[in-house]
Structures are given as structure tokens and as C-alpha cells.
Amino acid sequence: SVDVDVECIMRRADLALYGAKRAGKNRHCLFDPQMERDFQSRTELLEELRFAVSAGGLQVHYQPIVSAASMEIVGMEALLRWLHPVRGWISPAVFVPLAEDAGLIGELGAFVLRRACADAAGWPDSVRVAVNVSALQISQESFLDVLRGALDAAGLPARRLEIEITETALLHRSETTNAVLDAVRKSGVSIALDAFGIGYSSLSYLRAFPFNTVKI
């Protein structure tokens, strides 16, 4: 027999429940020891991410956007990167969802906006900067204060900033999300629909909101 206390049983039941939820609806899931190992690894990575955020361990890199007609750089896309001192480069596909689940995405998003606007202020006036924004960010009215604060602190004109959202951000959009996007557009900041064609690819999204850019 295995000596397992009530607290351990409840923890493992929670892990199995979480596994069932991740796998979809209308199903059950049995506990597997790998779940506990994965949970421990995720918990450790989250603590390391919290430290990286507070200690300035994240970096913003830039991918140039080039005009096919003139071959000139017309913009830069800001990309958040994490170089872990032991694990090496950690993919945003790993740490961004982790930040969203842990409630860190607002802090991360604000950091990227401030850094991107500050850097762009030193570029030629014709070069814009694009920043990816998560669905959780634009679902909160406080995002508008973060956006205005980043622009004001950098002295960057709103026309030189573009925020990129995905179809996921529009799938379950609320009245708050609609109001935030409308306020962003009216402020002069451009809005791009990112990665259109790899998700739901609904043309209704294009009709529902006047995007400045659609990235296919």
C-alpha cells in the first residue's frame, strides 16, 4: 500500500481535474504521476518568470517590416524574449500563456509597450512600431491608461504605434473590449489583425471592426 494523506489525494484530484479541463469538455481524467512532475516544473518556471519580470530579465527584440515596393524599412515589430540564465532561450509560446494564467500579462504587456515606444521615439519619423497585445489586456479599461502612458512618456505620436491582436481576442469579446478597441482607434493608434488565416478566419471579424492592417 502507498501512504498518501488527504491533502495529497486532494492535490492529485485537482491535477486530474485540471488535466480533464485542458483536454476538453465532457470527459474524465485519471491522475498520472507525470501530472505532478509537470505541475512542479511549471511552478518553478513561474517563480523564475516572476523574478525575471521584477529584475528586468526580459528583452524586447525587433523584427523589421520592409516595403516590397521600395525595400525600405517602414516598421518594426516588437518581440518579447526571455533568456534564462540556466535554461537558455525560453519560447514566448511557453512563458506568455504562463504569464496569462498567473495574472502577469498586464505587467509584461506594459513593459513591452513602454520599451517599444521609448525605442521607436529614437527612430526615423517614417518608421512605426507594432506591439502584440493579448486578449486579456484589451479586455480591461486600464489598458487605455497603459497605452497613453507609454506614448506620453516616450513623446511618440500615436500614428507611429500599431497594436496587433489575434482572432482569439475577438472570439469572446465583451462590451469593454469593443469600447477599448474603439478608443484605441480614435486615439490615432493603428490596429492590426494578426495571423488571419490560421485560426477561425472569419470574414465577419473584418466587417465587425475597421482594422488598419490584416496580417495574413
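## Aromatic pairs and a buried threonine

Tryptophan 82 and phenylalanine 95 are both buried in this predicted model. Let's work through some exercises.

**Exercise 1.** Work out how many aromatic pairs the structure holds, and classify the geometry of tyrosine 62 with tryptophan 123.

*Solution.* Start with the count: there are two aromatic pairs. Now take tyrosine 62 and tryptophan 123: their ring centres sit 5.1 Å apart and the planes meet at 90°. Centres within 6.5 Å make a pair, and planes over 60 degrees apart count as edge-to-face, so this pair is edge-to-face.

Tyrosine 62 belongs to strand β1 (residues 58–66), while tryptophan 123 is in the loop between α4 (105–120) and β4 (128–132). The pair therefore ties together parts that are 61 residues apart in sequence.

Last, check accessibility. Tyrosine 62 comes out at 24% and tryptophan 123 at 21%. Buried means under 20% and exposed over 50%, so tyrosine 62 is partly exposed, and tryptophan 123 is partly exposed too.

**Exercise 2.** Do likewise for tryptophan 82 and phenylalanine 95.

*Solution.* Geometry goes first: with 5.8 Å centre to centre and 85° between the planes, this aromatic pair is edge-to-face. Then location: tryptophan 82 is in strand β2 (residues 73–84) and phenylalanine 95 in helix α3 (residues 92–102), so the pair links parts of the chain 13 residues apart.

**Exercise 3.** Decide whether threonine 177 is buried or exposed, and find what it touches.

*Solution.* Threonine 177 sits in helix α8 (residues 175–187). Its relative accessible area is 3%, so threonine 177 is buried. Leaving out residues up to four places away in sequence, threonine 177 touches Ile138, Ser139 and Ala169.

Conventions. Residues numbered from 1 in each chain as written. Predicted model: local features only at pLDDT ≥ 70, side-chain atom pairs only at ≥ 80, totals over all residues. Heavy atoms only, no water. Helix = DSSP H or I, 4+ residues; strand = E, 2+ residues; numbered from the N terminus. Buried < 20%, exposed > 50% of the residue type's maximum accessible area, 1.4 Å probe, protein only. Contact = heavy atoms within 4.5 Å. Phe/Tyr/Trp six-rings, centres within 6.5 Å; stacked < 30°, edge-to-face > 60°.
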